[in-house]
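I opened the notebook to look up side-chain contacts in one structure.

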Amino acid sequence: MKINNKTMVTVAVGIGFAASMFACTPKKPSSAGGASVSKNAAEKVYVAPGKHDEFYSFLSGGFSGQLAVYGLPSGRLLRVIPVYSVNPENGYGFTEETKKMLNTSHGFVPWDDSHHPQLSLTDGKVDGRYVYINANNTPRIAKIDLKTFKTTEIIEIPNSGGNHGSPYLTENTEYLIASTRFSIPLPNKDVALDKMKEEVKGTISFIKFGKEEKMEVAFQLLVPGIDYDLASCGKGMSHGYCFLTSYNSEKASTLIEINASKNDKDLLAIVNWKKAEECVAAGKAKTVDGQHVHNELNEATHTATSTTIEKVKMLDIKDCDGVLYYAPVAKSPHGADVDPSGQYIIAGGKLAAQITAYDFNKIVKAIEDKKFSGDYDGVKVLDYESVLAGEVKKPCLGPLHTEFDGKGNAYTSCFVSSEVVKWKLGTWEVVDRIPTYYSLGHIMIPGSGSKQPWGKYLLAMNKITKDRYLPVGPELPQSAQLIDISGDKMEMLLDFPTVGEPHYAVGFEASLIKDKVKKIYTLEDNKHPFVARGEKEARVVREGNVVHVYGTAIRSHFMPDNIEGIKVGDTVYFHVTNLEQDWDIAHGFSIIGANTSELLLMPGETSTFKWTPSKPGIYPFYCTDFCSALHQEMQGYIRVSAPGSSTPLKFNQGK
């Protein structure tokens with residue numbers, strides 16, 4: 001089957017539908033965005049002072065490049081974890097130890113748009129070890145350790161023109177997959193844009209998560225050059241497969257809003273990754289150029305390292321029969337979501353007002369029986385009716401993304417009509433709906449991507465909040481809305497503004513990790529090369545025009561706190577160790593006139609502040625974190641002399 005072109009009439013209908021999407025006027029505001037709120041809704045989300053929330057939720061920062069942690073059901077913001085953007089709050093990307101975390105093949109890149117957090121899995125269940133999140137602009141995947149809530153690893157994805165459909169995990173976190181959003185010539189080269197259609201290729205990358213729990217690009221699939229979107233990997237009966245939506249099967253490169261909406265159907269990619277793994281093991285992959293950078297934060301030295309890798313294995317799907325099939329999917333789809341049983345794969349079409357459920361058993365049977373309706377760039381397209389489990393008819397406008405409660409119900413977010421629709425797996429009947437406020441993007445049920453969701457709450461993430469909160473200028477906050485899904489009818493409980501853009505989220509019951517979170521870095525285990533494990537080790541060492549200060553911080557003073565003999569033209573590194581061994585006793589460090597961020601030091605941690613004084617004088621330094629009643633007195637002075645001066649190097653050691 002060749003993908004059919006629409007008639008001009010159908011084009012007009014499609015364009016009109018698309019235009020109606022973006023001209024959608026928000027509904028008249030009400031106290032709950034159109035949904036009723038019961039009188040005891042506040043009681044259901046109230047968490048008394050000193051009490052803990054029941055769930056952790058992790059919301060991507062979208063264009064902030066970070067990851068925000070909220071407690072549910074209260075909606076309290078607990079932490080913003082820096083991932084792809086520098087963060088002056090704690091020095092991430094500014095300190096000498098963390099700068100390398102933001103290295104890429106394009107150099108130091110201190111920003112990105114982060115999109116889709118995902119949780120590590122064991123036997124298809126959330127195991128509470130790691131959160132992974134992609135960067136779209138400069139294709140990367142980061143790993144956040146849930147013992148420390150720190151970003152500890154970032155790997156760049158080579159041969160990718162935008163890492164949007166990422167990082168989706170296989171059942172035991174064997175692989176994280178990442179697909180290119182924008183297909184480009186591979187290897188990338190100078191091509192006339194009106195010749196793009198003939199030149200573009202796509203890639204689907206498989207990031208291996210080895211026994212040492214480190215990421216590496218195991219191999220890439222070279223696939224037809226369409227725009228790949230979201231994905232989900234199989235579980236249970238469908239383990240060994242991953243499913244990706246795509247759009248722009250027309251391969252348009254201009255006015256894509258119109259020109260990528262001409263075909264009646266787009267394509268759902270069905271990848272047999274175990275087959276691909278076999279072909280790679282059999283030597284069918286080629287080693288090609290694929291420069292990318294791998295950054296790791298060593299928890300013992302508190303220091304990041306960067307490694308540049310030049311080559312990658314690439315498997316052309318034409319050299320591995322059975323590794324990739326397509327199935328027709330409602331046009332302009334977004335989410336591809338596998339239900340907890342692994343049997344059903346759900347995809348909605350933003351321009352089709354239709355939700356399609358595919359049956360994995362039928363997919364396998366259709367492949368065996370060669371039930372093909374044609375091909376696309378040499379890839380067999382499965383017959384739609386042969387793989388169809390059912391369709392949810394006219395559920396809403398703009399069906400986007402589906403989550404599951406583990407009780408046989410599915411919930412789909414609808415961008416255009418701004419609502420959540422609840423429907424039943426197997427019967428495909430809509431059983432409930434609830435309006436949201438407004439332009440709903442993704443939704444999250446804790447653990448929904450696993451075999452065992454916690455189907456108590458649903459979090460809706462909205463793009464527009466007109467009339468919802470006190471005005472704060474031309475830009476208004478985005479928001480999240482918490483919905484109780486424990487009963488037959490959905491019930492709106494709460495909404496709260498969020499940091500940046502709440503693009504996507506994951507969550508799980510807090511009891512899974514809250515007693516395992518790291519509280520201090522023990523000084524004995526601190527292997528930082530410039531650590532001072534006690535005040536007796538505090539010192540200042542000159543090496544030419546480089547000065548290393550081995551400093552310490554403890555309530556409520558620094559050691560040393562008076563330093564002389566620094567000269568204009570010197571490069572000074574303040575390596576400061578927090579000697580505290582008590583939970584949540586942090587110290588900060590900064591110098592008047594410095595052009596970098598502060599340090600924020602956790603108990604037992606060492607971090608480095610680089611300073612290049614430009615003028616003679618006396619420069620105070622001080623603690624930036626309110627650590628004790630005498631925090632204000634926690635300060636010191638540096639004397640800076642002119643270049644070539646004979647001022648001897650001296651420092652106070654508390655005598």
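The entries below follow the order in which I looked things up.

**Entry 1, aromatic pairs.** I am working on a predicted model. I searched the whole structure for ring pairs and got 33 aromatic pairs. I took Phe558 and Phe589 to start with: their ring centres are 5.5 Å apart and their planes stand at 85°, so I logged the pair as edge-to-face. I then checked where the two rings sit in the chain.

I noted Phe574 as buried, because its relative accessible area of 3% is under 20%. Phe609 is buried too, with 2%.

Which residues do the ring pairs link into a cluster? I listed Phe558, Phe574, Phe589, Phe609, Trp611, Tyr619 and Phe621. Both pairs from the entries above have their residues in that list.

I found Lys265 over the face of Tyr384, 4.4 Å from the ring centre. I also found the charged end of Arg468 over the ring of Tyr437, at 4.4 Å from its centre.

My count came to 27 salt bridges. Lys99 and Glu96 meet through their side chains at 2.7 Å, N to O. Lys99 is partly exposed at 28% relative accessibility, and Glu96 is partly exposed at 25%.

I next looked up Lys214 and Glu296, whose closest N and O atoms are 3.3 Å apart in a salt bridge. Lys214 lies in the loop between strand S13 (200-209) and strand S14 (215-224), while Glu296 is in strand S18 (residues 286-298), 82 residues apart. Lys214 is partly exposed at 38%.

Arg433 and Glu419 form a salt bridge at 3.0 Å, N to O. I placed Arg433 in strand S30 (residues 430-435) and Glu419 in strand S29 (residues 419-424), 14 residues apart. Is each of them buried or partly exposed? Arg433 is partly exposed at 38%, whereas Glu419 is buried at 11%.

Note on methods
Residues are numbered from 1 along each chain as its sequence is written. This is a predicted model: local features need pLDDT of at least 70, side-chain atom pairs count only at pLDDT 80 or more; totals for chains, interfaces and linings use all residues. Side-chain values use heavy atoms; hydrogens and water are left out. Rings of Phe, Tyr and Trp (its six-membered ring) pair if their centres lie within 6.5 Å; planes under 30 degrees apart count as stacked, over 60 as edge-to-face and the rest as tilted. Buried means under 20% relative accessible area, exposed over 50%, partly exposed in between (1.4 Å probe, protein chains only). A charge sits over a ring if NZ of Lys or CZ of Arg is within 6 Å of the ring centre and within 35 degrees of the ring normal. A salt bridge is a side-chain nitrogen of Lys or Arg within 4 Å of a carboxyl oxygen of Asp or Glu. Helices (H or I, at least four residues) and strands (E, at least two) are DSSP runs, numbered from the N terminus.
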